[in-house]
Amino acid sequence: MKVKFILCSLSLLSLCLFFCALKDAETFTQIAILAEGWQGEIVAEVDQSYVGWDVEIGDGDNDGQNEIFATGCPNSRLYMFKKEDNAWRTTLLADSLAQNFPGMGLAVKVVDLNKDGKNEIILGTGQERGGTAFFYLLQMEGEKVVRKKVRPNCNQSSYTHDLAAYDLNGDGVLEVISAYCGGGEIIRYDFNPKLKGIIPRKIHQLSGSGEESLIADVDNDGQVEYITCNAFRDEKAKVEIFELDQTGELIIPPRIVIDAFDGKKCFYASAIVGDVDNDTRNELIVGWKRKQDVNRATVLGYHISESAEPIYTFANEDEALDLAYFEKMMAIADADNDGGNELVLSTRGDEMSEKITSKHLGHVFMYRVRSSSDIERTLLVNFDDDKAESSWLAVGDADNDGKNEVVLATGKGDRTKAGISYVIFVERTD
């Protein structure tokens, strides 16, 4: 595969021209350098080593405007960032969600669970000191947050890996499925129409750790499937695609299992589903890591039908993607507002948490599919490694100007200790 690279360096002077004020530009350029034609803004500086192991754009307070939500560590907090009168305001919505220090907020989503026109916030934790992860249902009343939580007895794992919401059984209320790192439980959460209770149950047991949880029509047959990554085991990483029966239950075993690329077994896999080539059909994007202690990433795009056919190579054993973990670090969306989707991917460089030597590259890339043999790669954001070595992302209209932005929540250093991290967004200017 031929991959075309776009050079993305900008002088400090040209970067400054993209900002409303010189002072803001100087502050931003201490954190990151952007691709030509893009500008950035600092949303917030936060006294956490990781402001976000997940970041979400949505109307969480139901005022008709989007906000940014991020959850991270070591205090397992939930923050809301809201643009008002051309300035960003930071609100701490919840603290110590893991109920231990250090702890993690690992996944957050804004969803209308009971389809009553009002959004809720769902969140999953990571327990650094062990024990079962918490699942939270949060409802905002103004800026007051009402919490409901559950710590399922059917789950033995400490780390939540994504939250997938869908009305699986057609009762008018969304269900949530999450995968868990440690024991590999897949847990489903059901709710009654008034959201008074949370009912968890284990619906499947993976052979490795659950590293992703997605519900999407990955094979374009008009019906959704459940997709998970069964990984974090030497040479045993798999992407598993399950059909659902008429009642919304998993049909076991999975219909399709992808357990290698080019015959090469892997340690880890990450996945996302979306229309990356703008042909109106979804593709499955998988990030593969062959060895835990070797930082090379292979990122492939698959068409799914009766089997999984690799059709796009976005990266091939690429060291520029650092630790090669991409959970909640990939998005398929129109990031540059040109009318077509791109793949946006951020990187991790946190060797203190993973005990893997890293170059702390702090890269964010954007990939555009021109054809099966022509994929254009742009280094969208290059973080200063003194400020940020990892980032998690979302794409959407964060500032309510009618255009999409790429929102990034950063991390650096020891995730079990205090630190400084940032929420920023970047947007296309031309």
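1. Strands and Lys109. Helices (H or I, at least four residues) and strands (E, at least two) are DSSP runs, numbered from the N terminus. Lys109 lies in one such run, strand β8 (residues 104–111). The model is predicted: local features need pLDDT of at least 70, side-chain atom pairs count only at pLDDT 80 or more, and totals for chains, interfaces and linings use all residues. Residues are numbered from 1 along each chain as its sequence is written, and side-chain values use heavy atoms, with hydrogens and water left out.

2. Is Lys109 buried or exposed? Its relative accessible area is 18%, so Lys109 is buried. The cut-offs are under 20% relative accessible area for buried and over 50% for exposed, with partly exposed in between (1.4 Å probe, protein chains only). The Lys109 side chain makes a polar contact with the side chain of Asp162, at 2.9 Å. A polar contact is a pair of N or O atoms within 3.5 Å; within protein, one must be able to donate a hydrogen and the other to accept it, and residues adjacent in sequence count only if both atoms are side-chain atoms. Setting aside residues up to four places away in sequence, Lys109 touches Asp54, Glu56, Glu120, Ile121, Ile122, Asp162 and Leu163. Contact here means heavy atoms within 4.5 Å.

3. Strand β30. Strand β3 (residues 38–46) pairs with β30 in the antiparallel sense, over 8 bridges. Two strands pair if DSSP finds at least two bridges between them. Which residue of β30 is the bridge partner of Glu45? That partner is Tyr422. Strand β29 (residues 405–411) also pairs with β30, antiparallel, over 4 bridges. There, Val406 stands opposite Val426 in β30.

4. A sheet from β20 to β23. Strands of a sheet pair through backbone hydrogen bonds, either parallel or antiparallel. This open sheet has 4 strands in the order β20-β21-β22-β23, and the pairing is antiparallel. Its edge strands are β20 (268–274) and β23 (308–318), each pairing on one side only. From one strand to the next, the twist averages 20°. For such angles, axes are lines fitted to C-alpha atoms, for helices over the stretch in contact, and angles run from 0 to 180 degrees between N-to-C directions. Strands β21 (residues 283–289) and β22 (residues 297–304) pair antiparallel over 6 bridges. Trp288 stands opposite Thr298 in β22.

5. A sheet from β16 to β19. Another open sheet has 4 strands, ordered β16-β17-β18-β19, with antiparallel pairing. Strands β16 (209–216) and β19 (256–258) are its edges, and each pairs on one side only. Neighbouring strands are turned by 15° against each other on average, direction ignored. Strand β17 (residues 225–231) pairs with β18 in the antiparallel sense over 5 bridges. Thr228 stands opposite Glu240 in β18.

6. Phe242. This residue is in strand β18 (residues 238–242). Phe242 counts as buried because its relative accessibility is 0%. How far apart in space are Phe242 and Pro253? They are 7.2 Å apart, C-alpha to C-alpha, and 11 residues apart in sequence. Beyond its neighbours within four places in sequence, Phe242 is in contact with several residues, including His204, Tyr226, Leu250, Pro253 and Arg255.

7. Aromatic pairs. The structure holds 17 of them. Why is the pair of Tyr50 and Trp53 tilted? Its ring centres are 5.3 Å apart and its planes are at 35°, so the pair is tilted. Rings of Phe, Tyr and Trp (its six-membered ring) pair if their centres lie within 6.5 Å; planes under 30 degrees apart count as stacked, over 60 as edge-to-face and the rest as tilted. Both Tyr50 and Trp53 are buried. Tyr79 and Phe81 form a stacked pair, with 5.8 Å centre to centre and 20° between the planes. Tyr79 is buried at a relative accessible area of 6%. Phe81 is buried too, at 0%.

8. Ring cluster and charges. Ring pairs link Phe232, Phe267, Tyr268 and Tyr325 into a cluster. The charged end of Lys289 sits over the ring of Tyr325, 4.7 Å from its centre. The criterion is NZ of Lys or CZ of Arg within 6 Å of the ring centre and within 35 degrees of the ring normal. The charged end of Arg377 sits over the ring of Phe365, 4.2 Å from its centre.
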